[in-house]
Structure formats: structure tokens, C-alpha cells
Amino acid sequence: GCGTFKGCNKTLASCLTKDGSAENAPLVPSALPHSLKNEYLFSLLAEERDTLLLGLRYSPTQLHFLFLTEDLAGAWQTRVSFQSLGLVDSQWHTLILAVSQGSFSLTMDCGLPMDIMADVPFPPTLSVRGAQFFIGSRKRTKGLFTGLIRQLVLLPGSDATPRLCPSRNARLTELSIPQVLKRLPEKPEDNEVLKYPYEADMKVTLGSRPPCTKAEGVQFWFDAAQKGLYLCADSQWVSVLTAKTKLDYVEEHQRLHTNSETLGIEVFNIPGVGLFAATANRKARSAIYKWTDGKFVSYQNIATHQAQSWRHFTIGKKIFLAVANFGPNERGQEFSAIYKWSPRKLKFTLYQKISTHSARDWEAFEVDGEHFLVVANHREGDNHNIDSVVYRWNPSSQLFEANQSIATSGAYDWEFFTVGPYSFLVVANTFNGTSTQVQSHLYIWLVGAFQLFQSFLTFGAADWEVFHIGERVFLAVANSHSYDVQMQAQNDSYVLSSVIYELNVTAQTFVKFQDIPTCSALDWEFFSVGEDHFLVVANSFDGNTFSVNSIIYRWQGYEGFVAVHKLPTFGCRDWEAFNTTSGSYLIYSSAKEPLSRVLKLRTG
């Protein structure tokens with residue numbers, strides 16, 4: 001890399017490159033301030049330990065190149081020092097530091113190089129994952145550079161000397177300097193402060209987003225509403241500084257009156273058309289709503305039979321919606337249906353009917369380039385121990401065909417997810433005919449089919465939610481009811497713990513991470529606001545009333561998920577999180593009244 005700095009009346013231009021076995025090299029022209037203390041031209045710090053991985057600092061008589069060395073005995077900092085450079089002379093200088101595994105060579109102003117054969121070689125590899133560069137500092141105030149930086153360029157895998165030397169003006173040789181910084185400061189008159197030509201060209205615009213074209217040149221825009229500073233570059237606004245977004249509170253945004261009680265909601269986007277929400281309604285018609293002028297408005301009605309849920313998915317350019325029908329039609333036939341979006345009619349039209357048994361849920365997924373649907377068959381008559389079915393998309397017939405049957409017990413929900421190259425499918429089993437205390441199963445895709453991977457003891461499991469925080473993988477189950485026909489159900493049988501599991505990669509199994517008290521929980525929804533992560537639970541019944549609070553939990557690391565917001569709900573059945581250009585929202589459906597609510601997440 002290459003950079004130029006200027007501080008007070010003392011200046012230094014330096015270049016640092018790396019060749020040989022090392023992978024990356026900074027070239028750093030700089031300016032020397034009047035201070036006699038050590039100051040950092042740049043540093044590279046590890047994210048977690050605040051450890052210096054790489055750095056360049058100087059004093060009036062020395063230049064120090066610092067790097068981290070590690071072996072089996074531990075880690076320590078190695079320093080390579082160049083003596084008597086005479087940098088404090090009120091002049092610009094160009095320094096080139098070429099680093100190979102065993103030697104360090106410093107060239108100043110294209111003169112003769114100073115070579116050092118180090119006892120400790122530069123490491124052949126240096127992990128910088130998650131590390132941060134700091135220009136003119138070591139992150140803290142001590143060692144802060146007090147000059148100006150004119151250029152800083154990273155030049156990997158080569159020595160910059162042949163590219164910079166010889167030069168007619170070795171002290172001001174340029175490798176890469178922004179156009180606005182190429183003119184040097186004008187000489188001040190009398191006691192005036194140094195005037196820099198780029199200062200007059202810099203301006204900050206307030207208010208709404210201004211145009212950003214080549215005509216605007218170098219221009220900043222401060223967005224007061226979002227507390228962000230942006231730079232106009234290449235006809236685009238580039239974020240320079242942004243305030244961290246945090247969830248402050250939740251407020252009601254819209255009361256969405258539905259055709260009847262709503263068992264499930266699916267929010268999805270159709271490119272070029274807009275944002276939609278499909279409601280699975282208990283009575284004869286379910287509805288699709290379109291987000292218009294900041295609210296959901298009725299868009300299309302579709303005949304359904306005690307619909308439980310919708311699932312949106314795509315295959316190539318085709319856009320589908322699958323509905324899980326719980327009840328039979330007028331002729332006593334049980335089937336669920338797949339609808340396809342018509343770009344010409346701008347409506348969903350019936351595409352395929354599939355025989356199901358009191359279907360609760362559909363899950364769509366892709367494995368090895370093939371598309372699948374799996375249905376949660378809840379019961380057939382009074383028999384809850386029946387097969388649920390995985391369907392595979394046949395590219396020739398353009399239809400879904402039965403591919404695999406999986407034994408389930410009152411299946412309520414399917415959740416598909418991947419971990420690395422592995423594909424998983426987990427089912428929420430609710431009732432086996434005598435008890436809600438049943439095993440829910442996790443399956444792994446092997447040799448063209450799903451095979452049992454792990455089982456979980458659940459209590460009327462109604463939903464699984466998979467989510468990732470960093471590299472950690474979690475599974476949350478919503479337990480709805482503890483009941484056994486041989487024991488009389490008590491009111492508190494609805495108040496029980498739902499469980500969050502975490503994947504233990506070493507043991508290759510999910511282990512319990514946290515128990516969370518819930519009231520007949522029917523759904524979990526994971527969402528993020530800025531750098532914070534949240535889970536919201538659909539609490540539906542406490543044994544006495546359907547008017548219970550649903551809770552938002554915030555991820556707090558070692559503490560796990562901690563309750564932060566209580567949301568009054570009535571018979572809450574399903575949560576969906578979504579974002580629009582105007583903000584972030586939650587919508588929940590009620591299984592006990594024909595009214596769903598859209599809540600806006602207020603952030604600060």
C-alpha cells in the first residue's frame with residue numbers, strides 16, 4: 001500500500017511493501033509531527049484480544065516494524081528497528097519497507113536500502129479474520145498520529161521500489177493518491193494557518209438525499225434522520241459513518257381485519273410487483289394483501305378449507321404459494337393446493353392439488369439442485385400416527401410427485417435448514433393419540449433420502465425455528481401443551497417451558513441451551529435489528545384466558561435470551577418479521593378473532 005502524511009511543519013512520506021512468502025503488504029507514506037514520542041502510522045489489531053498483529057511506528061530517530069509471532073510456546077510481539085533515519089527535518093519523505101520471511105529492507109527517498117536479517121522471521125501466514133486496520137493510531141489515544149495522511153495503498157506480493165524509484169522528486173513520489181489530495185498546502189502569509197486546497201472543495205449537505213453525480217465532485221451528506229454520514233463517490237452515496245440501530249420500543253401500526261380467524265401468515269416479495277402477506281383463514285376464504293402506502297390492503301381472495309398456513313417458494317422464474325388445508329371440501333375430499341403467480345393476470349391461479357390429511361404446514365426447500373415440498377399431515381380421522389410426505393419437483397411433468405414418506409405423530413410443522421454441506425429436516429410432532437409427550441425427530445439427507453439423525457422429547461410441539469448467531473446454530477421448539485389421556489389436564493399444563501437447542505459441532509448433536517417459560521407457545525420468530533438479535537414467541541393460552549402477553553427476547557450472549565418487551569396478544573398463533581423502505585415490522589395473527597396486527601419496531 002502507499003500513503004502520504006503531513007503533521008505540523010515536520011513531514012514524512014513512507015512506503016511499506018511485502019514480498020516473498022508473505023501475502024499482503026502496506027505501503028505507507030506519512031508525515032512526522034513535531035512530537036518526540038512514538039506515534040503509529042498504522043496498526044492492525046485482532047478483534048477480540050485487542051492484540052497488535054502488525055504495526056508501523058516511529059520516533060525522531062527510529063522506525064519500528066512490529067508483528068505478532070506465534071508458536072507452540074505461545075505468542076509474542078517482535079520488533080524490527082531501523083536507526084538514525086533523520087526524519088524530523090520539516091520535509092516530505094518516501095519510505096519503502098520490503099518484508100520477506102527472513103529479511104527486512106528499508107529504502108528512504110529512493111536511496112540505498114538498509115537491510116536487516118532478523119533472528120525471528122516474519123510469519124509465512126498471518127490470520128487477519130475479524131481484524132481491524134487503524135490509520136494513524138493503535139486504536140487508543142496513546143501513540144496517536146498527529147499529522148496528515150496523503151496516501152495509503154496495500155500492495156500485495158511485490159516490492160514497491162521498482163515502481164517508485166528512480167524518481168525526479170523521490171520525497172513526493174506517488175503510487176496512488178486521491179485526486180483531491182494531490183495539490184500540496186499553500187504557503188501561509190504571516191500568522192495564517194496552513195490552507196489545504198481540498199478543504200474548500202469539501203462540503204456537507206443536510207436534509208433529504210441530494211443527487212450524487214460526477215458534477216458534485218467530493219461531497220458529503222449527513223442524514224440526520226438515520227444519523228449517517230455519506231460520501232459521494234462514483235455517482236453513489238457510500239456510507240462513512242452510521243449510527244448503530246437499536247430497538248427502542250414496539251408500537252401498533254395497523255389493525256388488519258381478516259376474513260375470519262387467522263391460523264398463519266406468510267409475508268413474501270414478488271420482484272417488480274411488491275410486498276405481500278397471505279393469511280390462512282379458518283373459514284371458506286383466505287386472503288392475500290399487498291403493502292400499499294405503508295399498510296396492507298386486500299388484493300386477492302382464494303377459496304380454502306380451514307387453511308392452516310401458506311408457504312411461498314420459487315422454482316427458477318416461477319413463483320408459487322402452497323396452502324395447507326385442514327378440512328375437507330364440500331364433497332368430503334381432503335386436499336391441499338399449490339397456486340402459481342400469473343405475471344399477465346397479476347394474480348395467483350390454481351396450479352396443482354395434492355391429497356393431504358388434516359394438513360398443518362408446508363415446507364419448501366432445495367437439495368442438490370432439486371426442489372422439494374414436505375407436508376405435515378396431522379391426522380387421518382382419529383389416527384394421529386400417519387405418514388407425512390416429501391414431494392419432489394419433476395422438471396419433465398412440471399409437477400410435484402411423492403418422493404418419500406416419513407412416519408409422524410400429529411405433525412404440526414416442518415423446518416428445513418443446512419449446516420455446511422449437510423441438509424436437515426425437523427418435524428414438530430404434537431400428539432400420538434394418548435399423549436402430547438412425544439419425540440420430535442430431526443432428519444439428515446443422505447444417499448437421496450432423509451434419515452433419522454436425532455430425537456427430542458417435546459410437549460405438544462407446534463413449531464421449530466432455526467437461526468444462526470455468528471457461526472453458532474440454534475433450534476427453538478415451541479411446546480404448546482402437556483397432556484396425557486390417563487391424567488386429567490390441569491390449567492398449568494399449558495404453562496410449560498419451550499426449549500432452545502444449540503448445535504455442538506464436536507459431538508455432532510444438538511444440546512439444550514436454554515429453557516424459556518411459555519404459555520401454550522405456537523410459534524417462534526427470529527429477527528435482527530442492527531447488530532442485535534431477537535426471538536418473539538406466540539403465547540396463545542395460559543389455561544384460563546387467550547389474552548396473554550407474547551414476549552420479545554433479546555440475545556445477550558452468555559446470558560442467552562432475556563425478555564425485553566411484553567406484547568399484549570389475543571389467541572396469538574403466528575409471527576412474521578419483515579422490512580420495508582420505511583422500517584422494520586412484526587405482524588401477528590389471532591386464531592381467536594378476525595383481526596391481525598402489524599407492529600412497527602421503533603429504533604434509535
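# A tour from disulfides to aromatic rings

Start with Cys 212 and Cys 232, which form a disulfide with sulfur atoms 2.1 Å apart. Keep in mind as you go that this is a predicted model. Cys 212 sits in the loop between β14 (204-205) and β15 (220-223), and Cys 232 sits in strand β16 (residues 228-233), so the bond ties together parts 20 residues apart in sequence. Look along the S-S bond: the torsion is about 100°, so this disulfide is right-handed. Cys 212 and Cys 232 are buried.

**Second stop: the other disulfide**

The structure holds two disulfides. Select Cys 110 and Cys 165 next; their sulfur atoms are 1.9 Å apart. Cys 110 is in the loop between β9 and β10 (114-117). Cys 165 is in the loop between α1 (161-164) and α2 (197-201). The pair links distant parts of the chain, 55 residues apart. What is the handedness of the disulfide of Cys 110 and Cys 165? The torsion about its S-S bond is about -80°, so it is left-handed.

Now colour by accessibility. Cys 110 is partly exposed, with a relative accessible area of 25%. Cys 165 is buried, at 14%. Counting bonded cysteines along the chain, the disulfide pattern is 1-2, 3-4. Select Cys 572 as well: this residue is buried, with a relative accessible area of 0%.

Go to Arg 311. Glu 266 forms a salt bridge with Arg 311, the closest N and O atoms being 3.3 Å apart. Glu 266 belongs to strand β19 (residues 262-270) and Arg 311 to strand β23 (residues 307-315), so this pair ties together parts that are 45 residues apart in sequence.

Asp 361 lies in strand β27 (residues 359-367) and Arg 311 in strand β23, so here the tie spans 50 residues of sequence.

Asp 361 is buried, with a relative accessible area of 3%.

Move to Glu 593 and Arg 597. Their side chains meet in a salt bridge, 3.4 Å from N to O. Both Glu 593 and Arg 597 are buried. Now select Glu 252 and Arg 255 along with them: salt bridges that share partners join Glu 252, Arg 255, Glu 593 and Arg 597 into one network. In total, the count comes to 13 salt bridges.

Select Phe 65 and Phe 104. These residues have the most contacts inside the largest nonpolar core, which has 22 residues. Show the strands around them: β4 (39-45), β5 (52-58), β6 (62-71), β7 (74-83), β8 (95-99) and β9 (103-108) each supply at least two residues of this core.

Which residues make the nonpolar patch of about 350 Å²? Select Phe 133, Ile 135, Leu 152 and Leu 154. Ile 135 is found in strand β11 (residues 132-135). At 39% relative accessibility, Ile 135 counts as partly exposed.

**Last stop: aromatic rings**

The model has 53 aromatic pairs. Begin with Trp 221 and Tyr 230: the ring centres are 5.1 Å apart and the planes lie at 25°, so the pair is stacked. Trp 221 and Tyr 230 are both buried.

Next, show Trp 341 and Phe 348. The ring centres are 5.1 Å apart, but the planes lie at 65°, so this pair is edge-to-face. Trp 341 counts as buried at 6% relative accessibility, and Phe 348 is buried with a relative accessible area of 4%.

Finish with a group selection. Phe 467, Phe 474, Phe 513, Phe 526, Trp 555 and Phe 561 form one aromatic cluster.

Notes. Residues numbered from 1 in each chain as written. Predicted model: local features only at pLDDT ≥ 70, side-chain atom pairs only at ≥ 80, totals over all residues. Heavy atoms only, no water. Salt bridge = Lys/Arg side-chain N within 4 Å of Asp/Glu carboxyl O. Helix = DSSP H or I, 4+ residues; strand = E, 2+ residues; numbered from the N terminus. Buried < 20%, exposed > 50% of the residue type's maximum accessible area, 1.4 Å probe, protein only. Core = buried A, V, L, I, M, F, W, Y, C linked by side-chain atoms within 4.5 Å. Patch = residues over 30% accessible without salt bridge, like charges linked within 9 Å, V, L, I, M, F, W, Y side chains within 5 Å. Areas by Shrake-Rupley, 256 points an atom, 1.4 Å probe, with all protein chains shown as cover. Disulfide = S-S within 2.5 Å. Phe/Tyr/Trp six-rings, centres within 6.5 Å; stacked < 30°, edge-to-face > 60°.
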